[in-house]
Amino acid sequence: MNRVLIVDASESDRRLMSGLLTRAGYEPIAVDKMEAAKDEVAKLPPGAVVVASMKFTGGMAQELINWQKHEGYKFPVIAIVDNFNPGDILSLMRDGGAVDVIQRPAIDKQLPDAVEKYLKDIETSTSDKELIHRPSKEFERIEKEITRIASADANVIIFGESGMGKEQIAREIFRQSNRTDKPLIVIAVSY
């Protein structure tokens, strides 16, 4: 899945970036505030990329990068800057922060290629068949539910959006179940 989170205070720039990335075959999610960005990062699948404006409502790209590091998320962040200020760019890229920087006037020329570059690197390193642990409270709850469901004497139907990992969850339930008396049926359904 080619999921991209866009964090930018400008509604017109969020629309521009979403349109560019949709045409390039990605699934962008656009938000304007730090809290919304944190909520969406916690839901991102492995292989996703974050595109964040240097400054947005309630925060800055550097703060979002630092929060990701603190929470254990490792999504690459492409920073959008308004002006070419070498000090700001160095600050954004220092210590493994932003992986790339794009000046706002060049979004239409550089954004799809930059996103493709970082999605490819990550997507080739993960398996579509395994459930990849994510460091969040939501994922801990999912792991507990997988264990509980795997031990139950019931078949399972998993509903969710396309590309959110239903098949990986189904495989993990099946792997954890030790039922030998009758087969376990696990079905994943997209909506």
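The model is predicted: local features need pLDDT of at least 70 and side-chain atom pairs count only at pLDDT 80 or more, while totals for chains, interfaces and linings use all residues. Residues are numbered from 1 along each chain as its sequence is written, and side-chain values use heavy atoms, with hydrogens and water left out.

Let's start with β3, which spans residues 49–53 and has five of its five residues buried. Buried here means under 20% relative accessible area, exposed means over 50%, and partly exposed is in between (1.4 Å probe, protein chains only). Strands are DSSP runs of E with at least two residues, helices are runs of H or I with at least four, and both are numbered from the N terminus.

In a regular strand the side chains alternate between the two faces of the sheet. In β3, one side carries Val49, Val51 and Ser53, the other Val50 and Ala52, and all of these are buried.

Who pairs with β3? Strands count as paired if DSSP finds at least two bridges between them. Strand β1 (residues 3–7) runs parallel to β3, with four bridges joining them, and Leu5 sits opposite Val50. Strand β6 (residues 77–81) is also parallel to β3 and joined to it by four bridges; there, Ile80 is the bridge partner of Ser53.

**The nonpolar cores**

A nonpolar core is a set of buried Ala, Val, Leu, Ile, Met, Phe, Trp, Tyr and Cys residues joined through side-chain atoms within 4.5 Å. The largest one has 25 residues, and those touching the most other members are Leu5, Val7, Val41, Leu44, Val50, Ala52 and Leu64. Two or more residues each come from β1, β2 (27–31), α2, β3, α3, β6 and β7 (98–103). There is also a second, separate core of 18 residues, including Tyr26, Val49, Ile102 and Ile107.

Contacts are heavy atoms within 4.5 Å. Skipping residues up to four places away in sequence, Val41 touches Leu5, Val50, Trp67, Gln68, Tyr73 and Phe75.

**Aromatic rings**

Rings of Phe, Tyr and Trp (its six-membered ring) pair if their centres lie within 6.5 Å; planes under 30 degrees apart are stacked, over 60 edge-to-face, and the rest tilted. The structure has two such pairs. One of them is Tyr73 with Phe75, which counts as stacked because the ring centres are 6.1 Å apart and the planes meet at 15°. Together with Trp67, Tyr73 and Phe75 make up one aromatic cluster.

**A few single residues**

Here is how some individual residues score on accessibility.

| Residue | Relative accessible area | Class |
|---|---|---|
| Tyr73 | 8% | buried |
| Phe75 | 13% | buried |
| Glu40 | 18% | buried |
| Lys69 | 40% | partly exposed |
| Gly58 | 63% | exposed |

Glu40 belongs to helix α2 (residues 34–43). Beyond its neighbours within four places in sequence, Glu40 contacts Leu5, Ile29 and Val31.

Lys69 is part of helix α3 (residues 61–71). Its C-alpha atom is 8.8 Å from that of Gly97, which is 28 residues away along the chain.

Gly58 sits in the loop between β4 (55–56) and β5 (59–60).
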